[in-house]
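This report is meant to be read slowly, beside the picture of the structure. Please look at the chains one after the other before going on to the text.

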Amino acid sequence: MMILPEFELARPRSVDEAIGVARAATDGFDYLGGGTDLLCNYKWGLNTNPTVISLRHIGELQRMADGSVGGGVTLAAIEKDADFLHDFPVFRRTLDRLASPLIRQTGTLAGNILVDTRCIWLNQSLFARKALGKCLKADGPECRVVKGSIDRCYANYSGDMAPVFMVLGGTMRLAGPDGERTLLLRDFFALDGIRRNVKQKEEIIVSLDLPSDAKTLRASYQKFRVREAWDFPELAVAASARMDGDRIEELSLVANAVASIPLWMDEIAAKYRGETLSDATIDAIAEDMRKAAKPVKATLLPPGYRKAMVGVMTARALREIRGDVVTEKQSGEAA
Amino acid sequence: MTQEFTVVGSRQPLVDSWKKVTGQAVYGDDVRFPNTLYARLLRSTLPHAKILRIDASRAEALPGVRAVVTGADAPAKFGVLPISQDEEALATDKVRYVGDCVAAVAADDEATAAKAIEMIEVVYEKLPEYFTTDEGLVPVEEPIHEWTVDGSNTQKRVDQHFGDMDKAIADAAVAPSGFFKFIGVGHAFTEPHAVTAVPESDGRLSLYTPTQVPHYVHRALARVMDMPMHRVRIFRTAVGGGFGGKSDPFPHEMATCLLARKVQRPVRLTFDREEIFLTNRGRHPGTVDVQIAFDKDGKILGLDTTAIIDGGAFASFGVVTTYYNGVLSQGPYKIPNFRYSGRRVYTNKAPCGAMRGHGAVNSRYGIESVIDMACEELAIDPIELRLKNVLEPYSKTTNEFRITSNGIVECLERVRDETDWISKKGHLPFGKGIGVSCGFFISGSALPIHKTRTPQSTVHLQIDVDGGITAHSQGAEIGQGSDTVIAIAVAEVLGVPMDFVRVRSADSDTAPLDLGAYSSRGCFMIGNAAREAALVIREKLSRAAGRLTGADPNDFTFADATLNCASDPSTHVSYFEALTEALADNGALIAKGWYQSPRMGGTFKGAGAGLAPAYSFNACVAEVDVDLETGLIKCTAMALAHDCGRALNRLAVEGQIEGCMHMGLGQALLEEMRYDRGRITNPNLLDYKVLSPFETPAMKVIIVESEDKEGPFGAKEAGEGPLIPVLPALGNAVYNAVGYRSMELPIRPEKVFDHIRRLRKTDAGLTKTWEQNVR
């Protein structure tokens, strides 16, 4: 059997208590949400720490109301919140295609935002890493994907919730030793598969919050992978728009799972604000997105194919926003 | 149906299903004994290396560690086939793949055992590494094993030629060909290998293991432990899926027993998922080169095929696989001229072996794809062409397979009619497609692995005053329903409800010999043995009824736990009255039934390979919807008609056929064992992609009953054969949908996407291309 390494498990009852435990854990710690990502990595012996701080018993992380979702809320709970899904229907399909019902039952929102970057060289047992050779992110000298890279990891960002919150203008509330701070989620990520984001180690995601005008945005999340259950995205595109008739008033785009972070494609989005969302515009945006995406061989499918699919998924997202019936033949059902 | 049955042909939940769904079944990892130690294995991280030194002193000194064993503790070789015994409990002189077992530790707990493993120091000297069959076909510097062909890594060569293949090609109106590549796939069974070895107080050794082949484990374990077989006991636990992946005796079984004997305490070992992939025995990767000659009417003139299969580091069932890749091409069509060249090559990768549809799956994909090409060239409907070529019932193939019952015509006609084939084929829009394939498989191997005159299956029955019938057999119940087959056969013959029958098939101390769950032999052979045994009991009860009533003992029929006199309806006795009379002055009723295949086959070299007392036949139609923007393939519907002779248990047959569709589609669409320089890179069930329910199509199961004259109540196999036509039916449907012929499996969406993109670039419109080039 795969054995979890030994660690001290702390069960704080408040955010402050959790931060206190974290500060005292001088030999290293990890926060634990649902554990569906962290504990798998622990079993593989990936970057383990001697202290694990469970956030499951902290009430203030479980709150959910009016566009604000606590970091500790399970994905299944979001899925069951009719008001939230009514206000932000894009999450219905996002969640339906995220992992599996069993994992969503345990996995949390913050856990999905912070899901560790993944790579075919990284997500292996200790035995396999010895046989295959270790990589930069797990005690190796260099990146196995981009040979020669000794200071940047190219593991793939694989969460599904962050890109959707990003295109809806979501903010993140973080609590840390120096108090609370709020930042736009689009500013949260840092382009390196090891560093991943700007969160200080002791900081805890208290909530993700959506502005009330996000309710009037049209949004779509198009996820591409070979199986409709279980699989992390091979790539995905999140898009939102505020339309004035046929005209794009506001546009936000994220290319997801083609780099170590969800890519905020502001330049492309800005280029098309004010345009009519015609077939030609959709094709042009899709082509720009395709060109901008530069996936590397960190996942199952070939990078060139994933790059091409960024264009296809972008077009599907925009067509859905326009109100077209987008047929996703993967499922054989109309979306 | 020519006979009336009461139990046979009904829909029965498997007799062990209740305890499985309620958690009461004892699987390998559920076995518990007091004072048990936990084992872990040290595995090689190098593909090919000489072992210069093993120093386990630090591990042995770790508190909680009770024993360490290495190859020196049991150097005897073993293997499932007597002709290729090349495995060791633990590597002695060198390691042959990443994952090869080098040492084993028993400790008070698993964490300590795992820690100790890391403390064993092994000094290796690296050897040249061989990862491809091309590298292995020619003489090499350091062959992986000593006894390979001419200093190469070739383990087995098969060359067969019947008739005049060159003339067949010269005479052909069309002779399409294809070179196909296949990635290795694993069984992906649910339950990991999990064993417990127990040194008994009388000096015997018991092994609890979820095996498909208790008898072969028994033989191999006795050999490796250097103990007579009667001092060794094999207890087959409940098996959580096998599919061929638990049909070898394994090094980990031997190593656990070595530890238990050394410390004289029970020792248990449970694999993690990665170790299952490292142990492998999955379907061989390889290439199949096929050419088929046809006359202008679509009649097959000859089949020329070459298969080169990548065996990995050990032989396993590989000699058989090498034959099967060729000889099982002899059905379901008449092949008047036939040439086959097969090679199995050792490589420094996880060993391949038997997997559902053993040896007949990849070659069938090649054959049925090439037949599809011929249909297009000759402008003949694919089902019509196949119908022109099928073998007759009770006939003989060119290589002297004895064909008995054969429902292939009904299979083809029913999938045609029940899928609305005629209105769909050639009339679907671009992106949607329909394809067909046939399949053919053995229903048990006529020749046992070990040369012996001992029957291939024996069943004992015992009835005492409670009236319950205890059936003993070593038939390995692995979820396929062999225990239920015994219960059905006995209940049918004796006219009692199935709950009168209790099957005991786990313990080698009480079970009469059966060779195990492989080659689709169980239903045919165990079923026949059980039926024979029940007929002996029936005779005893008939005589007792005769004594009680004065009627002719031969005049009784058995139904509803009553023996009825056929010629006098007023004369009847209950089952219990007859039993009481039969037990008087006699004691418990004991009976034995056995099955041995009749002699058959040719006298040429390799004539025994593929010989079976009966063969199953089938046809499959797949329908697909290809996403023209992404290249992703969705199988939307599948119909599979399978001739199983007679369905003893319709529920089980349906389940087997559905399972075959799911597993076959998995290999066709997604599953692959990926390697990087001999290292498996996806040894987990997230990255090794078994189909989820979303990718599973609507399934139509069509049971065809050809009533085999030698099968138990007419039955033949249904567990493996239905997988075989699934892959080519899917491939042919994809071709029909978008004009892309995949010459490899799995069919890769990126290649379908590239194909469609090329079509878009090179033609004014896809539809035009489609109409001109494909239909």
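## The model

This is a predicted model, in which local features need pLDDT of at least 70, side-chain atom pairs count only at pLDDT 80 or more, and totals for chains, interfaces and linings use all residues. Residues are numbered from 1 along each chain as its sequence is written, while chains are lettered from A and ligands numbered from 1 in the order in which they are written.

## Where chain A touches chain B

Two residues count as in contact if their C-beta atoms, placed from the backbone, lie within 7 Å. By this rule, 26 residues of chain A and 30 residues of chain B take part in the contact. On the side of chain A, helix 8 (126-132) and helix 12 (303-322) each give two or more residues, and helix 8 of chain A gives the most, with five residues. Helices here are DSSP runs of H or I with at least four residues, and strands are runs of E with at least two, numbered from the N terminus.

## Domains of chain B

Chain B is divided into domain 1 (31-127 + 190-241 + 246-279), domain 2 (286-446 + 604-774) and domain 3 (448-595), with bounds that come from an automatic or database domain assignment. The centres of domain 1 and domain 2 of chain B, taken over C-alpha atoms, are 37 Å apart, and the contact takes 20 residues from each of these two domains.

## A hairpin in chain B

Strand 20 (residues 556-559) and strand 21 (residues 562-565) of chain B run antiparallel and are joined by four bridges, where pairing requires that DSSP finds at least two bridges. These strands form a hairpin with two residues between them, and B:Asp560 in the turn has a positive phi of about 50 degrees. B:Ala559 has B:Thr562 as its bridge partner in strand 21 of chain B.
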